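Have a look at the sequence and the structure, and then we'll go through the parts one by one.

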Amino acid sequence: MGLVVPPVCAGCGVTGQHVCETCARLLHHQPRPHRPSPMPPGLPPVLALTDYSGPVRQIITAWKERGQRSVAPVLAAALTDALVWTWSADAVAAGGDVPWRPVGSRPELYVVPVPGSRAARRRRGEDAWGRVVEMACREVRSRGIPTTLMRCLTLQRQPRDQAGLSARERRANLSGAMAARMPSTGWRSPSTSLVVLVDDIVTTGATLAEAGRALRQAGCEPRGAIVLSATRRSGADRR
Ligand SMILES: [Zn+2]
């Protein structure tokens, strides 16, 4: 009866916002190179915003597993900054931390989301990551960067749930699982287009490697991948 329950931060539980400013800041890092060990063959250079731990892990879990849509704008804002940073001349000026460089003076940015599994869609009832990427692309475009959202990757067979699988098992599980259907325009000129894969979490890199393979098979070389967070796996997981 007129009672409004104030939102609670998905990261730390503090009352007031869906994601408090302190937790949101954890996602606004300059992206850093992430090199899983072992490195899956064909993995494009990966930049990760932060580790998958602490409040960031809580936020992503709330969004990914519990379908808490209210945190999506925070994830989109973090991805936006990472895309802008990667595209911009600042990234080039920052030197060695960028595993790829924008080509030409104003390359066209092509953003390719990694498709979620059917199980994930069932849990969340929508293409939640696709929505975050769409929001980010709109914002990047509004900052004057020529940006195209390229939803060209699909799962052509359902891999098993990746949880609990070793790096090698994940690679085998995903091998050949994706296919790319490229649009007939754009992206084609490697001298003027910057094709970037985006995903929420990287663990062994098997998913991004498979996405890269599918794109290459369709004639498109991804320059790199941006992920929100990277898991640090224990040695026992790394087989
Ligand atoms: Zn918080």
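Let's start with a pair of helices: the axes of H7 (residues 167-174) and H8 (residues 206-217) come within 9 Å and cross at roughly 30°. Their crossing is right-handed. On the H7 side, the contact is made by Ala167, Arg170, Arg171 and Leu174, while H8 brings Ala206, Thr207 and Glu210. Sorted by class, that contact holds three nonpolar, one polar and three charged residues.

Keep in mind that this is a predicted model.

Now for H7 by itself. Its buried residues are Ala167, Arg170, Arg171 and Leu174. They sit on the same side of H7, because they cover an arc of only 100° around the axis. The buried residues of H7 pack against H8. Just after H7 comes Gly176, with a positive phi of about 75°.

## The chain as a whole

Stepping back, the chain has eight helices and eight strands. It runs to 239 residues, and buried ones make up 43% of them. If you take contacts between residues at least 6 apart in sequence, 76% join residues at least 24 apart.

The largest nonpolar core has 67 residues, and the members touching the most others are Leu79, Val111, Val112, Val196 and Val198. Helix H3 (residues 72-87) gives the most to this core, with eight residues.

What does Val196 touch, leaving aside its neighbours within four places in sequence? The list is Thr86, Leu109, Tyr110, Val111, Val112, Pro222, Arg223, Gly224, Ala225 and Ile226.

## Helix H2 and its cover

H2 (residues 54-64) has its own set of buried residues: Pro55, Val56, Ile59, Ile60, Ala62 and Trp63. Looking down the axis of H2, these fall within an arc of 155°, so they line one face of the helix. What lies over them? The cover for the buried residues of H2 includes helices H1 (21-26), H3 and H6 (128-142), along with strands S2 (46-51), S7 (193-202) and S8 (224-230).

Not counting residues up to four places away in sequence, Ala62 touches Ala10, Gln68 and Val71.

| Pair | Apart in sequence | Apart in space, C-alpha to C-alpha |
|---|---|---|
| Ala62 and Ala72 | ten residues | 10.0 Å |
| Arg141 and Val84 | 57 residues | 9.4 Å |

## A cis peptide bond

One last stop is a backbone detail. Most residues other than glycine have a negative phi, and most peptide bonds are trans. Is the peptide bond from Ser37 to Pro38 cis or trans? That bond is cis, with omega near 5°. As for where to find Pro38, look in the loop between strand S1 (32-34) and S2.

Definitions and conventions:
Residues numbered from 1 in each chain as written. Predicted model: local features only at pLDDT ≥ 70, side-chain atom pairs only at ≥ 80, totals over all residues. Helix = DSSP H or I, 4+ residues; strand = E, 2+ residues; numbered from the N terminus. Buried ≥ 20, exposed ≤ 12 C-beta atoms within 10 Å, placed from the backbone. Contact = placed C-beta atoms within 7 Å. Core = buried A, V, L, I, M, F, W, Y, C linked by C-beta atoms within 7 Å. Arc of directions from axis to C-beta. Axes fitted to C-alpha atoms, helices over the stretch in contact; angles between N-to-C directions. Left-handed = near helix turned anticlockwise from the far one by under 90°. Nonpolar A, V, L, I, M, F, W, Y, C, P; charged D, E, K, R; others polar.
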